[in-house]
Protein chains: 2
Amino acid sequence: MTQPIRRILALTGGVGGAKLALGLANTLNPGQVTFVVNTGDDFEHLGLRICPDIDTLLYTLSNEANPDTGWGRRNETWHCLEALGQLGGETWFRLGDRDLATHLIRTTALTAGASLTTVTQRLSERLGIQHPVLPMCDQNVATMIGSTAGEMAFQHYFVRERCAPNVTGFRFQGSEQATLSPALQELLTAPDLDGILICPSNPFLSVDPILAVPGMRAALKAARAPVVAISPIIQGAAIKGPTAKIMAELGLPQDALAVARHYGDLLDGFILDSHDASLLEDVRGSGLDAIATPTLMLTLQDKMNLAKVAVDFVNEITTSNTP
Amino acid sequence: MTQPIRRILALTGGVGGAKLALGLANTLNPGQVTFVVNTGDDFEHLGLRICPDIDTLLYTLSNEANPDTGWGRRNETWHCLEALGQLGGETWFRLGDRDLATHLIRTTALTAGASLTTVTQRLSERLGIQHPVLPMCDQNVATMIGSTAGEMAFQHYFVRERCAPNVTGFRFQGSEQATLSPALQELLTAPDLDGILICPSNPFLSVDPILAVPGMRAALKAARAPVVAISPIIQGAAIKGPTAKIMAELGLPQDALAVARHYGDLLDGFILDSHDASLLEDVRGSGLDAIATPTLMLTLQDKMNLAKVAVDFVNEITTSNTP
């Protein structure tokens, strides 16, 4: 008989991860899940510190996410951006008027000496979010994309070049100086941490930066809780974003198995889509517990269903590992 | 016979001065008038460098000024400010969405090392303004208000306290480190500078900070061109703002004569309102050329009329002083 799950840690990046995060937030009790968010996409723009993945998660969890764009805030307007264009300012990064408030408050607080963890917590509370949201670290780490067109910063690759360059590798600039924040250390060693989920985010651009924080990978492996990843690849394609394209450019098979192998011995379990059930035996053959379940999350119910399956799966692994 | 005027320098502050500035800009040829603007009201807010008087002038000259509020931009929206409130940010200073773009561009450029003179020039060009607009200096100077409630920063006094405290004096913090910018030095010694106007701005809060820049007062006096001030007081009252209230609190008579005396020997001429023509003899008695004319500027035509009268008056003084 399984015991009810106590605390869950979920690693997440942008839009794909935020879908499962919303499912988890709506399935678990307040405070039961802590989200650890990629900050490798963060950058300075017009003097503002912008954290795209944190904001996507905060807006998603507070029902403030823009359903039309997939990023930014609901009911957004673009008057500042229009004026920036008129005055000769940069407009390639589309800053919405409401979204700007988040960047202004964050930048002001960081400048005043607050940590990104503290600032994120404040914003999260103001947005009424009931589960902790932690940046992967408080130091600035910048994901740099190696490509056949040279190395470029993440936003340059992702927004300006629309992921067109052929990717050859990644570098997480500044990660060697990053450290596990006190909040994250507490979480990773918490006796009631019963599961660690890797959301279906881009493994290279969203999850690997988190794993590059010194001590993170070792702490995840050392945790008593099993680590389970959900495949962002369904039938050889990514629902959103350049995951499959990048896998092809890196010479990897574009399938869920390759995602499982990418995470390697970090994982205890793996969840792939029902359409990819034929890969189950191969995944299990590499020593992982594995299940197949619908992973396409179009509705809130889809998100909650997958969240419930993932939490139950983690719980089963915990129970089967307990003598 | 008078010669046509060549170049005019006009010292100006916020709304009151900007009205005459618009008249001058519409009366004189492109480049013929240079505006020198008070920056003592400038401050940092949410990490942004905000220059209220420069912006009021830029927006006024480019027909972008908000006719409803008297400050900020036309067709303004407040979505960022609403979101700031939601997220626990400061909302006492009302930043409009379009207006924000100006502050973002300015702050980014200043941080990158551009001078306020250069940034103002760029913004001015983008807004299609054809007359140079110069800040009084490139250094940060902050007008501090001495009051019976203690000393406070300008925006604290003006916006938060709505000018309620009883004023006892002023201090222009940082002015001792300020210098005349190269552009201003060029202007003040230009052989074709035929007149210097002090717009009907608040003498204490808008003009005195300009005069506090080391070398400014001496350069204005040393210039060949006559210095003429236009009274911001009509029949003992200010059209807008706390000028008359401040004069009362400082124990000064609330009339145009007291304004003329406040500027003292800096002036060669003084323009007061037709309603105050009874003061003409007193003003002339203090050694100034003086005229009375309608100075209430409600319409663009009012502004152009006063501009034309002021320029003609300067020209007459120049001619009468030339052997």
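**Before you start.** The model is predicted: local features need pLDDT of at least 70, side-chain atom pairs count only at pLDDT 80 or more, and totals for chains, interfaces and linings use all residues. Residues are numbered from 1 along each chain as its sequence is written, while chains are lettered from A and ligands numbered from 1 in the order in which they are written.

**Stop 1: select chain A.** Colour by secondary structure and you will find 13 helices and 14 strands (DSSP runs numbered from the N terminus, H or I of at least four residues for helices, E of at least two for strands). Along the principal axes, the C-alpha atoms fill a box of roughly 65 × 40 × 40 Å.

**Stop 2: select B:15-27 and B:300-321.** These are helices α1 and α13 of chain B, packed at an angle of about 75° with axes 7 Å apart (lines fitted to C-alpha atoms over the stretch in contact, with angles from 0 to 180 degrees between N-to-C directions). That makes the two helices roughly perpendicular, a term for 65 to 115 degrees. Show side chains: among the residues that meet are B:Leu20 and B:Leu24 in α1(B), and B:Met304 and B:Val311 in α13(B) (contact means C-beta atoms, placed from the backbone, within 7 Å).

**Stop 3: select B:79-86.** Which residues of helix α3 of chain B are buried? They are B:His79, B:Cys80, B:Leu81, B:Ala83 and B:Leu84. Now bring chain A back into view, as these buried residues pack against α3 (79-86) and α4 (97-111) of chain A, together with α4 (97-111) of chain B. After α3(B) comes B:Gly88, with a positive phi near 85°.

**Stop 4: show both chains.** Chain A superposes on chain B by a rotation of 180° with 0.0 Å of shift along the axis, at RMSD 0.0 Å (least squares on C-alpha atoms of residues with pLDDT of at least 70 in both). That is the relation of a two-fold axis. To locate the axis, select A:Asp97, whose C-alpha is the nearest to it in chain A, 3.0 Å away. Both copies use the same surface, as 100% of the contact residues of chain A recur in chain B.

Conventions:
Parallel < 35°, antiparallel > 145°, perpendicular 65-115°, else oblique. Contact = placed C-beta atoms within 7 Å. Buried ≥ 20, exposed ≤ 12 C-beta atoms within 10 Å, placed from the backbone.
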